[in-house]
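Let's take a walk through this protein together, one piece at a time. Have the sequence and the 3D view handy, and we'll begin with a pair of residues facing each other.

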Amino acid sequence: MPTASGHTTAIRASRVIGTKVLTKSGDEIGEVGDVILDKTTDRIMFAVLARDGALTATHNFYPVPWALLDYDDGQEAYVVPFSRDDFAKAPAVANPSDLTESDGTTCRNAAQDYFKAAS
């Protein structure tokens, strides 16, 4: 089934990971470094953004509600409804294992609260 923009509703994680992320004004803020899944509900919990394209032990991991990423074919990137400054102040964790602490709810809830996104 296609989405409003004509995309299929099913997408492989391998196509998402590594895709750049832009603000609506076109500023690049990083890339999708990972996707956290809830295996008990078959839902995506959140995307993990890597600032400036790096997902390493020396960089922070930024959980972002999946619904906030809108793919733009023309830019071959996800576009988010927040600024680079908003992103810089977003909740982040330094250790990738923290993303799934408390079954991922800590990061998911922090991201939903910060970005004012519904679950």
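Start at valine 48, which stands opposite proline 63 in E4. The pair belongs to two neighbouring strands: E3, covering residues 43–51, runs antiparallel to E4, and 4 bridges join them. A word on the labels: helices (H or I, at least four residues) and strands (E, at least two) are DSSP runs, numbered from the N terminus. Two strands count as paired if DSSP finds at least two bridges between them.

Before going further, keep in mind that this is a predicted model, in which local features need pLDDT of at least 70 and side-chain atom pairs count only at pLDDT 80 or more, while totals for chains, interfaces and linings use all residues. Residues are numbered from 1 along each chain as its sequence is written, and side-chain values use heavy atoms, with hydrogens and water left out. The pLDDT itself is the predictor's confidence in each residue, from 0 to 100. Here the protein averages 85, and 85% of the residues score at least 70. Among the elements, E6 has the highest confidence, at 96, and helix H2 (residues 84–88) the lowest, at a mean of 88.

Now step back for the whole layout. The protein has 3 helices and 6 strands, and from the N terminus on the elements run α-β-β-β-β-β-β-α-α.

Let's follow the strands along the chain. E1 (residues 20–23) and E2 (residues 28–38) pair in the antiparallel sense over 3 bridges, with lysine 20 bridged to glutamate 31 in E2. Their hairpin has 4 residues between the strands, and glycine 26 there takes a positive phi near 95°. E2 is also antiparallel to E3, this time through 8 bridges. Glutamate 31 turns up again here, with alanine 50 as its bridge partner in E3.

The hairpin of E2 and E3 also has 4 residues between the strands. What is the phi of aspartate 42, which is not a glycine? It is positive, at about 60°. Most residues other than glycine have a negative phi. Aspartate 42 counts as exposed, at 74% relative accessibility; exposed means over 50% relative accessible area, buried under 20%, and partly exposed in between (1.4 Å probe, protein chains only). Glutamate 76 also has a positive phi, near 50°. This residue is in the loop between E5 and E6 and is exposed, with a relative accessible area of 58%.

What about the inside? Of the 119 residues, 34% count as buried. In soluble globular proteins, nonpolar side chains tend to be buried together. A nonpolar core is a set of buried Ala, Val, Leu, Ile, Met, Phe, Trp, Tyr and Cys residues joined through side-chain atoms within 4.5 Å. The largest one has 19 residues, and Leu49, Leu69 and Phe82 touch the most other members. E2, E3, E4, strand E6 (77–80) and H3 each supply at least two residues of this core, and E2 gives the most, with 3. A second, separate core of 8 residues includes Ile36, Met45, Phe46 and Val93.

Leaving aside neighbours within four places in sequence, phenylalanine 82 is in contact (heavy atoms within 4.5 Å) with Thr23, Ile29, Val64, Leu68, Phe87 and Phe115.

Finish at isoleucine 17, in the loop between helix H1 (13–16) and E1. Isoleucine 17 is partly exposed, at 37% relative accessibility. Not counting residues up to four places away in sequence, isoleucine 17 touches Val32, Gly33 and Asp34. Its C-alpha atom is separated by 9.3 Å from that of leucine 49, 32 residues apart along the chain.
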